[in-house]
Every structure is written in C-alpha cells, then in structure tokens.
Amino acid sequence: MDFRRRVGAAAGAIAAALGCVAAALGCATPTVDGVAPAYDPTALTGGIVYHWPLGRAVTVHVVPSGGSEDLDVAVRAALDRWVPAMAYRELSLRLANRAEDADIVVVESAAPLPVDTSGCAAAGWTESAGRTLFCAAGDTARTLPLLAGPVGRTKVLITIDVAGTADASELLAVSVHEIGHALGIGGHSGIAGDVMFVAPQTIVPSAADARTLRYVLHRRPDLRL
C-alpha cells in the first residue's frame with residue numbers, strides 16, 4: 001500500500017470513528033416528543049400556559065403548624081413523586097428551611113397565611129382539601145411578600161386542609177396534586193388514576209400526568225413563574 005493509500009485509509013477510519021461518536025451523541029441527547037397532553041393543562045387558566053423557567057431549582061418551604069410534621073412529611077414525599085415525571089430534568093425540586101428562600105410556600109389552611117395575597121383572591125383554584133394560588137402581574141407572577149421578616153421571593157402559595165384529610169395517604173394525594181398545579185398543570189384530569197383528578201385518589205403521577213406536565217414545560221409560557 002503506497003503512502004497516499006495509507007493516508008486515505010487512515011482518514012476513512014477517522015471519519016468512521018467520528019461518525020460513530022456523532023451517532024452515540026445523538027442517541028444520548030434525546031429530543032422532546034410532540035405528543036399532545038393527556039388532558040387540558042390550561043382548563044383552569046383560560047388557556048394560559050404558565051411554568052417556571054427550565055433548569056430552575058424550585059424551592060419549597062412548609063410552614064410549621066400545630067406541632068405536627070404530617071404536612072412536612074407529605075410535601076417531602078410529594079416532591080419526590082414528581083421528580084421522575086421530569087424525564088428531561090426540566091426542573092429540580094428541593095426543600096427550603098426558611099420561607100424567604102422559597103419559591104413555593106405550603107401552609108395548613110387553618111393557619112394564618114404567611115404571605116400577602118392582597119388582590120389575588122380570584123387568582124387561584126380550590127379543590128376539596130387544597131388550594132394553589134399565584135397572582136399575575138403582566139406576563140409574570142408577582143412576588144407574594146412575606147408578612148414577617150424579609151420580603152422573600154415566593155410566587156406560589158399552597159394551602160392544604162390537613163384536618164380535612166382522612167389519613168396520611170389522602171394527605172399525600174392532595175399534596176402531590178397541588179404540587180402538580182404549582183409546577184404548571186393548570187387543569188384537571190377526568191381519570192381517577194391520575195393525580196391531577198379533581199378529587200385526587202392516587203399518590204404517584206401517572207404516565208398521563210407526566211406527559212401533560214412535559215407538554216406544558218416545553219411550551220412558551222404566557223405567564224412566567
């Protein structure tokens with residue numbers, strides 16, 4: 001084999017290797033599918049899509065109340081339940097020890113509200129045992145100032161009627177449901193097996209819930225949280 005043939009063979013081998021690397025990278029970099037949501041994620045918002053910026057670490061604080069840790073335990077578990085639904089790691093979820101560090105504040109409905117919701121009375125929606133609220137200011141959700149301490153950065157308030165839930169399983173179901181609203185699902189499923197069913201009965205987001213959240217998170221938001 002002469003020099004030019006040897007160079008040509010080597011170049012071909014390098015090109016083939018680069019082609020294999022490119023193919024491998026392509027397989028390792030999934031694209032978001034175009035599947036429609038399993039149910040309307042904007043039914044409660046009049047068609048408005050809302051969600052947090054992609055890549056955001058969304059922080060959640062549970063306000064202590066009554067000496068019970070039931071709500072804190074339920075919310076911790078609820079956050080864990082939603083993590084697998086974000087297959088492309090669109091958001092990360094973590095707890096905040098202080099309310100001033102939280103994007104989402106969760107409180108028992110019987111306790112005093114920790115944030116100022118003046119002017120937001122009609123900006124949320126209520127289920128039998130939970131409520132999720134945020135207040136629009138143009139194309140963004142405005143900060144709900146803390147009533148004590150620093151202003152904070154809270155955009156979403158969740159209230160849950162702990163005493164109104166029958167047991168720990170129902171409390172968890174309601175918590176998972178409300179976190180779903182807080183992440184961007186502004187609608188309800190008509191299927192009881194989905195956590196976003198209007199009267200939540202399950203504690204794990206279904207494939208339909210995950211598909212609906214994925215659809216929302218990859219749409220351009222009309223309202224940024």
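Which residues touch the most other members of the largest nonpolar core? Hold that thought for a moment. This is a predicted model, where local features need pLDDT of at least 70, side-chain atom pairs count only at pLDDT 80 or more, and totals for chains, interfaces and linings use all residues. Residues are numbered from 1 along each chain as its sequence is written, and side-chain values use heavy atoms, with hydrogens and water left out.

Okay, the core. A nonpolar core is a set of buried Ala, Val, Leu, Ile, Met, Phe, Trp, Tyr and Cys residues joined through side-chain atoms within 4.5 Å, and buried means under 20% relative accessible area, using a 1.4 Å probe and protein chains only. The largest one has 41 residues, and L71, W82, I104, V106, V156, I158 and I160 touch the most other members. Two or more residues each come from β2, α2, β4, β9, α3 and α4; these are DSSP runs numbered from the N terminus, helices being H or I with at least four residues and strands E with at least two. Apart from this core there's another, of 14 residues, including V105 and L157.

Now look at α2, residues 70-82. Its buried residues are L71, A74, V75, A77, A78, L79 and W82.

Last, the rings. Rings of Phe, Tyr and Trp (its six-membered ring) pair if their centres lie within 6.5 Å; planes under 30 degrees apart are stacked, over 60 edge-to-face, and the rest tilted. We get 1 aromatic pair: Y50 with F134, tilted, at 4.7 Å centre to centre and 50 degrees between the planes. Y50 sits in strand β1 and F134 in the loop between β6 and β7, so the pair ties together parts 84 residues apart in sequence.

How values were computed:
The expected span of a helix is 1.5 Å times one less than its number of residues. Buried means under 20% relative accessible area, exposed over 50%, partly exposed in between (1.4 Å probe, protein chains only).
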